[in-house]
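Please keep the sequence and the 3D view at hand while reading.

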Amino acid sequence: MQKFSAVVIEKNESGQSVSVQSLEESELPHGDVQIQVDYSSLNYKDALAITGSSPIVRTFPMVPGIDLAGTVVESSHPDWSSGDRAVLNGWGVGEKHWGGFAQRARIQGDWLIPLPSEFTSHQAMAIGTAGYTASLCVQALLDGGVRPDQGEVLVTGATGGVGSVAIALLTKAGFSVAASTGKNSEAPYLEQLGATTIVDRAELSEKGKPLQKERWAGVVDSVGSHTLVNACAQARYGGAVAACGLAQGMDFPASVAPFILRGVSLLGIDSVMAPKERRITAWERLARDLNPEALESIAHEVSLADSITAAGQLMDGTVRGRIVVDVNR
């Protein structure tokens with residue numbers, strides 16, 4: 001029986017524990033496609049699961065990792081054959097179904113999409129759910145009528161995974177991008193991605209007036225709470241705000257004023273259960289518009305064992321950009 005390594009989250013009466021374990025393929029959950037995983041990535045949700053900071057994991061034991069990229073080794077699904085290259089984001093993987101922090105995964109073929117030929121599996125995981133979500137946000141703004149000649153687009157949480165990729169994609173699409181961060185030392189990094197204005201996070205993170213000076217044609221927000229409220233209050237007439245995260249909080253202590261007096265649209269972005277067609281469109285944009293050189297500056301790599309420590313660092317806010325997990329070292 002072939003064995004493989006995986007990060008395993010367990011929970012008992014004394015609490016939660018996380019370790020790297022050697023498992024047998026017979027222990028894999030049900031599914032019609034088995035994947036030899038090359039890389040996964042460490043997302044905020046993975047960090048919440050590994051540190052136990054939030055009840056992300058629904059069943060134990062659980063292999064975390066909401067992303068994976070690799071090669072099909074077994075399949076009874078009509079769309080997938082041995083040797084196919086594939087990528088997966090979300091669908092409850094790493095929460096309800098064993099995820100990508102393992103050398104092997106067995107999942108549903110309907111959850112997979114083809115790995116774009118423009119990317120290696122490492123590059124796909126440098127993008128991961130964060131980059132895929134950023135692409136969903138950019139598409140939502142465009143579908144909402146936001147155009148480059150209408151003014152700057154604000155990206156909050158700019159040094160994070162969603163923010164970093166959103167800056168790169170928006171810049172490629174012709175937008176002027178303002179990046180909000182609490183890390184002044186990261187201004188050169190954000191300007192390298194394409195940001196032309198750096199906004200101090202403190203300007204947005206405290207309670208503000210229901211309507212403020214109109215500044216932004218569009219917003220990509222991964223922060224939530226007062227930051228999202230202020231972003232809406234500063235949106236221009238007819239602007240759109242794509243909300244996809246809750247780094248500051250899940251609350252939304254807002255007024256309806258921006259929506260009924262300025263016609264601002266608040267666009268909710270869900271990456272976990274997004275339809276397959278929307279996922280493919282998002283990855284097509286990433287393949288077309290994301291500069292591979294930008295990926296090199298956005299991402300760094302950790303081993304399977306080091307992903308546990310990196311999860312704590314991500315929760316502490318000391319991580320910039322994306323973390324790729326090499327599950328084979």
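## A buried histidine and its loop

His 97 lies in the loop between strand 5 and strand 6. The model is a predicted one. With a relative accessible area of 8%, His 97 is buried. Apart from residues up to four places away in sequence, His 97 touches Pro 29, His 30, Met 62, Val 63, Gly 92, Arg 106, Ile 107 and Trp 111.

Trp 91 is placed in the loop between strand 5 (85-89) and strand 6 (104-107). Is Trp 91 buried or exposed? Trp 91 counts as buried, because its relative accessibility is 18% and the cut-off for burial is under 20%. The backbone of Trp 91 has a phi near 65°, which is a positive value in a residue other than glycine.

Helix 1 covers residues 44-51, and its buried residues are Asp 46, Ala 47, Leu 48, Ala 49 and Ile 50. Which elements cover these buried residues of helix 1? The cover includes strand 1 (3-12), strand 2 (15-24), strand 3 (33-42) and helix 10 (306-315).

Just after helix 1, Gly 52 adopts a positive phi of about 70°. Pro 61 is placed in the loop between helix 1 and strand 4 (67-75). The peptide bond leading from Phe 60 to Pro 61 is cis, and its omega is near -5°.

## Helix 2 against helix 3

Two packed helices are described by the angle between their axes and the distance between the axes. For helix 2 (residues 121-143) and helix 3 (residues 161-172), the angle is about 50° and the axes are 8 Å apart. The two helices are therefore oblique to each other, and helix 2 passes helix 3 in a right-handed crossing.

On the side of helix 2, the contact is formed by Ala 130, Gly 131, Thr 133, Ala 134, Ser 135 and Val 138. These meet Gly 161, Val 162, Val 165, Ala 166, Leu 169 and Leu 170 in helix 3. By class, the residues of this contact comprise 8 nonpolar, 4 polar and no charged.

## Helix 2 against helix 8

Helix 2 also packs with helix 8, at an angle of about 105° and with the axes 8 Å apart. Helix 2 is thus roughly perpendicular to helix 8. From helix 2, Ala 124, Ile 127, Gly 128, Gly 131, Tyr 132, Ser 135, Leu 136, Val 138, Gln 139 and Leu 142 take part in the contact. Their partners in helix 8 are Arg 278, Arg 279, Thr 281, Ala 282, Trp 283, Arg 285 and Leu 286. The residues of this contact divide into 9 nonpolar, 5 polar and 3 charged.

## The aromatic pair

How many aromatic pairs does a search of the whole structure find? The search finds 1 aromatic pair. The ring centres of Phe 119 and Trp 283 are 6.3 Å apart and the ring planes stand at 75°, so the pair is edge-to-face.

Thr 159 is located in the loop between strand 8 (153-155) and helix 3. Its relative accessibility is 7%, so Thr 159 counts as buried. Beyond its neighbours within four places in sequence, Thr 159 is in contact with Ser 164, Thr 181, Lys 183, Glu 186, Tyr 189, Leu 190, Arg 320 and Gly 321. Ser 225 belongs to helix 6 (residues 225-233). Ser 225 has a phi near 50°, a positive value in a residue other than glycine, and is buried, with a relative accessible area of 4%.

Val 302 is part of strand 14 (residues 299-303). A relative accessible area of 11% makes Val 302 a buried residue. The contacts of Val 302, not counting residues up to four places away in sequence, are Ser 307, Ala 310, Ile 323, Val 324, Val 325, Asp 326 and Arg 329.

Notes:
Residues are numbered from 1 along each chain as its sequence is written. This is a predicted model: local features need pLDDT of at least 70, side-chain atom pairs count only at pLDDT 80 or more; totals for chains, interfaces and linings use all residues. Side-chain values use heavy atoms; hydrogens and water are left out. Axes are lines fitted to C-alpha atoms, for helices over the stretch in contact, and angles run from 0 to 180 degrees between N-to-C directions. Helices (H or I, at least four residues) and strands (E, at least two) are DSSP runs, numbered from the N terminus. Angles under 35 degrees count as roughly parallel, over 145 as roughly antiparallel, 65 to 115 as roughly perpendicular and the rest as oblique. A crossing is left-handed if the near helix is turned anticlockwise from the far one by less than a right angle, and right-handed if clockwise. Contact means heavy atoms within 4.5 Å. Ala, Val, Leu, Ile, Met, Phe, Trp, Tyr, Cys and Pro count as nonpolar, Asp, Glu, Lys and Arg as charged, and the others, Gly among them, as polar. Buried means under 20% relative accessible area, exposed over 50%, partly exposed in between (1.4 Å probe, protein chains only). Rings of Phe, Tyr and Trp (its six-membered ring) pair if their centres lie within 6.5 Å; planes under 30 degrees apart count as stacked, over 60 as edge-to-face and the rest as tilted.
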